[in-house]
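Hi,

Here is the structure I promised to pass on to you. Have it open while you read, and click along with my notes below.

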Amino acid sequence: MSFDYGDFSYASKDEMLEKSREFWNPGKTDFWVDAGVPLVIDRREEYYLYDMSGKRLLDVHLNGGTYNLGHRNPEVVHAVTAATAHFDIGNHHFPSLARTALAEALVTSAPPGITKVVYGSGGGEAIDIAIKTARHTTRKRKVVSILKAYHGHTGLAVATGDDRFSKLFLADRPEEFPHVPFNDLNAMEDALRGRDVAAVLIETIPATYGFPLPDPGYLETVKALCERYDALYIADEVQTGLMRTGELWAVNKHGIAPDILVTGKGISGGMYPLSAVLVNERSAGWLTEDGFGHISTFGGAELGCIAGLKALEICNRAETRSMVHYISDQIGRGLREIQAQFPDWFVGIRQHGVVMGLEFAHPQGAKLVMRSLYENGVWAIFSTLDPRVLQFKPGILMRPQLCEDLLDRTAVAIDQARSALPRTVRHDPLRSRTAVSA
Amino acid sequence: MSETTVEAVGVPRARQMLELAGWASRAYARYDSATVQRIAEAVVRVAESKAEHYADWAVRETGFGVVEHKIVKNKLCSRGILDAYRDSDYVSPRIHAERKIVEVPRPAGVILALTPSTNPVSTVYFKVLLALLTRNAIVVSPHPFAKECCADAARELGKAAVAAGAPDGVVQVVDEPSIPLIDALMTDERTNVILATGGVPVVRAAYGSGNPAIGVGPGNVPVLVDATADLHRAATKLVDSKAFDNSILCTNESVLVVEESVADRFIRELERSGAYLLKDEERDRVRDVVFPEGRFDTSLVGKDASDIAARAQVRTPSRTRILLAPFDAAVDEEPLAHEKLCPVLGLVRVPNAQRGIRTAVALLRLGGAGHSAVIHSTDPGTVMAYAAAVRVLRVAVNEGGSTGCAGFGTNLAPSMTIGTGFVGRSSLGENLEPKHLVNWTQVAYSTDPAEVMPSFVGIHPEEAPLEPVPPYPVASNAGAPTLTAVPDLPEEVPTELREELRRLILEELTAIVRG
Ligand SMILES: Cc1ncc(COP(=O)(O)O)c(C=O)c1O
C-alpha cells in the first residue's frame, strides 16, 4: 500500500514514521509509538479519525476541543471554502471585514461587560495578549496561576504553567508568576494580599491537569478576591468554552463576568488557526492608546474569522445547546454504570457537560486506559500533568448512536486495562495516595 | 454528506433539528402512559385556548377558508382528538395470554410532518398530537403560504409539551421551508417517517425519498342522492358540508349525482339551505373563472361562494353558500367533473340509481381514487352496490362528506390525513390515526404446551421522568442534583365537564355549519 497525498507521498507508514523522526520531532514520534498509540492521522470525518493503517478511531480528545464540532465540519468547511473565493489572511494593520464581524458576534454572545476583541493565531499567543493587557491595565507585573496549570507555550504563557516546560527553555520566572494550588482559597488570598498582582489567570476547569472540578464557590470567591485586591480575572476558556459545559462559556455557569476571557482551539472549527481575547472596557485601554500595541500578522486572519463566525453560530444554536445536555446526560450515565462495575479501578468521574476526566487507581492509569481504548477504536488522551486521569472529551454534536458506541468500547477498554495490571497493583487501592491536591 | 455538497441556506440547521429530534424521541420512547397523557392534555389546553387566534391568523395569512370553521377544526384537532383516543394506550406493553404473545410498543422515532396551506394549523395540531400520543418526536415543515401561523403554533405546542415534562426538541418547526430544504429533510436518514399532506408533487416526493412515508392522494368526492333519500336532511347535510370552511377539506363533495325522479325537489331543498343553481350561461362563466384553460385556479381555494359568483358576474341571493353547476357528462374534458376546493358543486342528473353509481365511478376515474364518497339513501342494497362499485376507501352515508369522511360526525377515525390506499398511490388505507405511528415488537413464546408464558403483569419498560429531559448539566462535584420536578398540571377537567365541553363543541360545530 502506498500513500499518495498529491504533492507528497510515502511508501509505507514505517517510512513515514522514520522521516518524522528524521525531519520533524524524534521525541514526540517515539513517545507515541512507545505509548502504544502509533497514530498517524490520515483521513478524518465527523468524530472519526483514521490512522494510516486504516484503523478507525472515535475521537474524544478532539485536540482539546479543537474538533468540538467534529472533524471537517461540513458547514465550517463550506464557509471557509466559499470564503477563499474572496478572502485570504488579510492585512493585520487595517480594519478588516471578517475580523470586525466576528468581534461583534463574540462581544454579543460574551459574558456581561465584555466590549472588545483582540486576536491571536493560537491559544498561547492569546494568553500572552491577556497577560500584557492585564499588566497595561493595572500597571502591575505579577500574574497568579494554578499549580500544574497549562496555558500554552509562548513567552509569557509558558511561565504560568508547569516547571517541566518553562525550565526547559529557561523561561521560568517564579517571582513574576507565582503558582498556587487549585481549590485553595487561602493560598490564593495569600498570593493576592500584597495588591501587587495584575491578574489571576485561571482555567474554569483545568484541562491538562485532568479536569479537577472547582469546589462549589471556589471560582466565585477567586473573582471576589480579585476585586478586593485589585487584580483582573482572566478566564482561560480555551478548553471549557464553546458550549462544552452546556453554556457557551463555562464561567457563565458561575455567574462570573471575567475582565478578560481567552478562547482558541474550537473557536474556528478546526479548519483555520485562530484565537481571541475578549476584554472588558476597563482592560481595553491600550487598543485606543496604542492600537499597534500587539502586532501579529496571522492574528485574526480573515479566513479564520470566517470559520470562527460559523463555528460560533453553530455553538450558539438552541439545538446545539440542547444536544450537549442530552450527550452529557447519556455519557455521564453510561460512565457511572461502567464505574459501578469496577469501583476500585475506575475510581472517579469528573464531569461538567462534555468536559470529563476519568480517574483510575494507578499513578499511570490513564496511560493504560488510553492504550486499551486505542486498541478498541477510541482515541482519548491522558492528562500530562496528572496521568492518573484520562481526559474524555466527546464532541458537542455527537449522534446518539455514536455515544452508545463510545460507551460500549469504553466499557471493554477499561476492563481490559484493569486485567492487564499486575495483580499486586490491582489489589492495592491507590486512591488516597494519588488523590489530587484539593 | 460529502464534502462537495454545498447545501442550501438553512439546510444544515434543519438537519440538526432532525438530530435533536432523534435525541428527544429516544428519551420520549421510554415515557410512561400517565406522563404522556399529561403532556397531551397540557398541549391540548394550549391548542384549544388558541383555536380562535390561529384560525384568524391562518385565514389572514393564506386567504383561504372561514375563520369560524377553522376554529371548529382547531378544536376538533385538539380536544376532539384527545377525547377520541382517551382510552387508547400506545405506550404500555400488551399481553395476549391466549396467543402467548406480548407486544412492546416501538414508536416510529422522528416524524417529518409536511402540513398544507388549506388546513394549516389544524393539521399542525393534529400531527403534533398524534406524535405526542405515540411518544414520537416531530419536525413540522409547514406550507410556505402558511409558514408563520404554523411555525408559531408548533412552537407554542412544543413549549407546552416541554413544560409538562416532554423532552426538549420533541416538537420542532422549520421557519423557512423551501424545496431544497424539504427535499433534504425528506431524504435524511434521521427521518423515520414522513407524514405528507399537501399536493400530489409533495406526496410523490415523499414516497420517492427512500424513507418510510405516509402520504395520501387527492379526492374528488361524488355524492349520490337516490330516490329513497330523506331529501330535506340530505340537502341540509350536503350544503353544510360543502360550505364548511368553503370546501377546503379534501373530503368535501365535488359533484352531486341525483336521481331524476327527485332531482327538482332535491334542488329546491338545496336552495332552501343556501345553494344557488347556476343557469347555463352563468355556469359557463363560473367554469371559466374556476377552471381557466381547463385547470383549477388555486387562488380560489376556500373562497366564499359570493366572491366566486361576483368574479363570474353572477348575481346571487345574499344568503348563497354554495353554487350548483349542472353539467351532463362525467368525462375528463368537463372541468366541473374534477376536484374543486371551493364551494362550487357539480350537478349531474341520472335516470336511476344504477346510472348514478356508474357516474360516481366515472368521476372517481378522473381523480380521487381511494379517497371518499358520499351517499344519501335509505336502501341498504343501493348503499352496498355503491360502496362496492366506487373505488374509494370510505363512504359516508346520510352525512356530510367534509366532516363525515374525516371522522367528525361518523365513527371513522377523526383525521386530517385521509388514506387513499393502494388505488390512491398511498401506503395508508384508513384515516390516519395514532396507531399508524407505532410499531410493536412481538414477543412470541413457543406454542409447545410445555412452555408456559409467565405473567408480565406489572413488568414495565416505560417509566416516568424524574427531572426535565435532558437534565441541565451540573458539575459532578456539585452534590446531588436538586431535581427540578416537572410541574403538575392544574386539576384535570372532570369527566362530566369534559362530556359537557364535547357536547358544546359539537353544538357549536352544528350551529356554525348551519350558517
Ligand atoms: C487551557 C489552554 N489554554 C491555552 C492553550 C494554548 O493553546 P495553543 O496550543 O493554541 O497555543 C491550551 C492548549 O492546549 C490550553 O489547553
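In helix 1 (residues 13-24) of chain A, the buried residues are A:K13, A:M16, A:L17 and A:S20. Looking down the axis of helix 1 of chain A, you'll see these buried residues within an arc of 100°, so they line one face of the helix. Before you go further, bear in mind that this is a predicted model.

What sits on the face of helix 1 of chain A that is turned away from its buried side? There you'll find the exposed residues A:D14, A:E22 and A:F23. As for the cover over the buried residues of helix 1 of chain A, it includes strand 1 (3-4), strand 2 (9-10), helix 2 (26-34) and strand 4 (48-51) of chain A.

**Around the ligand**

Now zoom in on the ligand. The residues that surround the ligand are A:G122, A:G123, A:G124, A:Y150, A:H151, A:G152, A:E203, A:D236, A:V238, A:Q239 and A:K265. Sorted by class, this shell has 6 polar, 3 charged and 2 nonpolar residues.

- A:D236 has a polar side-chain atom 2.7 Å from a nitrogen atom of the ligand.
- A:Q239 places a polar side-chain atom 2.9 Å from an oxygen atom of the ligand.
- A:K265 also has a polar side-chain atom 2.9 Å from an oxygen atom of the ligand.

On its own, the ligand has 390 Å² of accessible area, and the protein covers 80% of that.

**Helix 13 and what follows**

Further along, helix 13 (residues 365-375) of chain A has these buried residues: A:G365, A:A366, A:V369, A:M370, A:S372, A:L373 and A:Y374. Just after helix 13 of chain A comes A:G377, with a positive phi of about 85°.

**A serine in a loop**

Last stop: A:S383, in the loop between strand 16 (381-382) and strand 17 (389-392) of chain A. Is A:S383 buried or exposed? With a relative accessible area of 0%, A:S383 is buried, because anything under 20% counts as buried.

What does A:S383 touch? Leaving out residues up to four places away in sequence, A:S383 touches A:A207, A:T208, A:Y209, A:G210, A:V389, A:L390 and A:Q391. With A:V389 there is a polar contact too: a polar atom of the A:S383 side chain lies 2.8 Å from the backbone oxygen of A:V389.

Notes: Residues are numbered from 1 along each chain as its sequence is written. Chains are lettered from A and ligands numbered from 1 in the order in which they are written. This is a predicted model: local features need pLDDT of at least 70, side-chain atom pairs count only at pLDDT 80 or more; totals for chains, interfaces and linings use all residues. Side-chain values use heavy atoms; hydrogens and water are left out. Buried means under 20% relative accessible area, exposed over 50%, partly exposed in between (1.4 Å probe, protein chains only). Helices (H or I, at least four residues) and strands (E, at least two) are DSSP runs, numbered from the N terminus. The arc is that of the directions from the helix axis to the C-beta atoms. Contact means heavy atoms within 4.5 Å. A residue is near a molecule or strand if one of its heavy atoms lies within 4 Å of it. A polar contact is a pair of N or O atoms within 3.5 Å; within protein, one must be able to donate a hydrogen and the other to accept it, and residues adjacent in sequence count only if both atoms are side-chain atoms. Accessible areas come from the Shrake-Rupley method with a 1.4 Å probe; for residues, only the protein chains shown count as cover. Ala, Val, Leu, Ile, Met, Phe, Trp, Tyr, Cys and Pro count as nonpolar, Asp, Glu, Lys and Arg as charged, and the others, Gly among them, as polar.
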